[in-house]
Amino acid sequence: CGFGSVSKLNFIPICLLPLIVLKGYRFKLIYIGGTVLVFMLLFLPAISNLPKFFAWISNLTFNTGIHGKTDLSMFDPSIFFQNIFIIFSKDIFLFIICLMIILVLILSLILKTEKRSEHDEVIHRNERKILFAIILTIVFQILVVAKNYLPYAQYYIVPSLMLSITGFAFLISFSLKTFKIFSNINSSKIYSGAIVIVILFSAYEINHSFDEATEFRDEACKINDLIKQHSKSDLVIPSVGTANEDCTLALCTMYGYGGSRNSIYRSFFSKKTSSNIFHNFWENKLFTLSDDTDIRKVISGTNKIVVQLMSVTSIEMIIKMLKEDFNIEVKDWKLILKNGNEESIYEIYLK
């Protein structure tokens, strides 16, 4: 859990699972202490960025927008619940498993069951506890992610998607021991049927994901081909996060991911990219790969710039940033293309 949490913050809700399942305060304290210790040890390489880490946590907790960085609005319950709906609608299997676990746990408390041996009763209680821990963990993670969720970012809930399979297995075992309707049914047939269902659903999801990725790729190529045409004559400023090929290299250096070699990478990448000025949409700032580039001077030296933006970045944000950061006034702007991935190209005419 320490390793998972230091790798990705959205893993932290999973830490609830063993905390609930473990018996006794002694083992719970050992688990918490061990998790914290491993987290701190693995965090040491990034200890110099501790202030940024806490700022990141603060943004995610109190702000809205992508990664809590863009000031779109205060907490909006309607958007929050809409995001929860999107999360479940994008993975029906997760929704069905969560619903079934909740219903089975409720029914197991309401319906009278036959007396069991002490051994079977212990197993039954343990499985109920595990199911409760799984559903609580999944719900908690979805509630945490839903605040800053993006429609294309289903990977934020990968731990919950994995837990849904574990929940399905325990759900079958618990139901077989709880409800009389399953008393005369061969359990192997139930498990075999469950495996077939998972395989069929997985095959459908793989095919759907392939079609979705193919469409995404084609739309990305369409907008990149147009950007390459503009880059021959215009000053092009792509936003990191778009499908623009140069942005991949720019992202590697944007927050100093290269460590002590970051300046070397910046110098090398600046010779490999057709664009030298990039937009950091998380902070609505411009940055460059070359220390020799004066952003204001470069932009002021032309009467038109071309920007490539993500769906979460508006042209109004760019205009505001140009005015506040560089005192550059915009005379007019025009939308050139908006593709199926919600990326857009704008021509901005400067005064």
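Predicted model: local features only at pLDDT ≥ 70, side-chain atom pairs only at ≥ 80, totals over all residues.

Student: Okay, let's take α10 and α11: how do they run relative to each other, roughly parallel or roughly antiparallel?

Tutor: Start with the axes of α10 (residues 245–254) and α11 (residues 262–270), which come within 9 Å and cross at roughly 160 degrees. The cut-off for this class is an angle over 145 degrees. The two helices, α10 and α11, are therefore roughly antiparallel.

Student: And which residues of α11 make that contact?

Tutor: α10 passes α11 in a left-handed crossing. On the α10 side, the contact uses L249, C252 and T253. By class, the contact has four nonpolar, two polar and one charged residues. The α11 side consists of N262, Y265, R266 and F269.

Student: How far is the side chain of T253 from the backbone oxygen of A250?

Tutor: Look at a polar atom of the T253 side chain, in helix α10, and go from there to the backbone oxygen of A250. The distance between these two atoms is 3.1 Å.

Student: On to α6 and α7. Are they roughly antiparallel or oblique?

Tutor: Helix α6 (residues 92–110) and helix α7 (residues 118–146) pack with their axes 10 Å apart, at an angle of about 135 degrees. Roughly antiparallel would need an angle over 145 degrees. That makes the arrangement of α6 to α7 oblique.

Student: How many nonpolar residues does the contact of α6 with α7 have?

Tutor: The crossing of α6 and α7 is left-handed. From α6 come L94, C98, I101, I102, L105, S108 and L109, and from α7 come R128, L131, F132, I134, I135, I138 and I142. By class, one is polar, one is charged, and the nonpolar ones number twelve.

Student: What is the relative accessible area of S164?

Tutor: The S164 side chain has a polar atom 2.5 Å from the backbone oxygen of L161. S164 is buried, with a relative accessible area of 3%.

Student: Now the loops. Which residue other than glycine has a positive phi near 55 degrees?

Tutor: Check the loop between α13 (315–326) and β5 (330–338). A residue there has a positive phi, near 55 degrees, without being a glycine. That residue is N327.

Student: And E342: is it buried, partly exposed or exposed?

Tutor: E342 lies in the loop between β5 and β6 (344–350), and its phi is also positive, near 70 degrees. Burial needs a value under 20% and exposure one over 50%. At a relative accessible area of 39%, E342 is therefore partly exposed.

Key. Residues numbered from 1 in each chain as written. Heavy atoms only, no water. Axes fitted to C-alpha atoms, helices over the stretch in contact; angles between N-to-C directions. Helix = DSSP H or I, 4+ residues; strand = E, 2+ residues; numbered from the N terminus. Parallel < 35°, antiparallel > 145°, perpendicular 65-115°, else oblique. Left-handed = near helix turned anticlockwise from the far one by under 90°. Contact = heavy atoms within 4.5 Å. Nonpolar A, V, L, I, M, F, W, Y, C, P; charged D, E, K, R; others polar. Polar contact = N/O pair within 3.5 Å; in protein donor to acceptor, adjacent residues only side chain to side chain. Buried < 20%, exposed > 50% of the residue type's maximum accessible area, 1.4 Å probe, protein only.
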